[in-house]
Amino acid sequence: SQYSTHHVDFTLKIVAKSSKLMPAMFVANLFGNAVQYGTQDYVAAFLLCTGTALFSYGGGRGGKADSSNFSFGLFALAMSCACDGLVPNAQQKVMREGATTAQLMACTNIIGAVAGFASVLLSGEVAVVTAYATNEPRVLVIMLCIGISLAGSVFCYTEMLEHSGSVFAVGIATLRKTTSLLLSYLIFPGKSLGPLRACGLALAGLGFVLAERCAASRGKLRAEGNHDKAS
């Protein structure tokens, strides 16, 4: 995802990454992690994704991309979006087959650590990273704090996967950026909201309300079905 920014426009990346709820819903059906979604569910997801993309982009400016390798950047972005839909569903499927939250967290962190070290080695910047850590020892404390924070975040995320499903978890992750930006406007007044972000916020809110309505309808149908079976 980050690498694709060098080769595709920043706006395209924002739109693509804000749309990860859609592939997550599609893969959830393939993996049997969720019920079949109806038209209203996909409309709600589309509104959430569109609203998040508009609100996240706002009036901001991204750096210019190098268009000389646009196809490769587009491929990298497509792979990132596919992984956004595949990984949480694969994690949910593993947990459905008996893995605990702690086991999933341990495996995920080990894979992430190995991949991170491998990327640094392959980039040839080990000496640069080591020199920076030596000259700025506080970075180690900052990394420790970030690691503790991420551990709590991953634990909550895996709990959501287990109890609410992959689509719900990805939906929360999609709304996270909008919520963070909205809080920044409330905590640090004086920022200009702008018509584009206001429109995005309205669409995201509409999508959230519609998603809640769809979930409530499914819950009601499920309760009626269980009542019929009991009787």
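Predicted model: local features only at pLDDT ≥ 70, side-chain atom pairs only at ≥ 80, totals over all residues.

Residues are numbered from 1 along each chain as its sequence is written, and side-chain values use heavy atoms, with hydrogens and water left out.

**Stop 1: the core.** Select Leu21, Ala24, Met25, Ala28, Tyr37, Ala45, Leu48, Cys49, Val167, Val170 and Leu175: these 11 residues form the largest nonpolar core (buried Ala, Val, Leu, Ile, Met, Phe, Trp, Tyr and Cys residues joined through side-chain atoms within 4.5 Å; buried is under 20% relative accessible area, exposed over 50%, partly exposed in between, with a 1.4 Å probe and protein chains only). Now colour α2 (21–31), α3 (39–57) and α8 (166–187), the elements that each supply two or more of its residues; helices here are DSSP runs of H or I, at least four residues, numbered from the N terminus. The largest share, 4 residues, is from α2.

**Stop 2: Ala45.** Leaving aside residues up to four places away in sequence, Ala45 touches Leu21, Met22 and Met25 (contact: heavy atoms within 4.5 Å).

**Stop 3: Ile187.** Follow helix α8 to Ile187, which is exposed at 55% relative accessible area.

**Stop 4: the cysteines.** How many disulfides does a search of the whole structure find? The search gives 0, a disulfide being a pair of cysteine sulfur atoms within 2.5 Å. Click Cys145, partly exposed at 48%, then Cys199, partly exposed at 39%.
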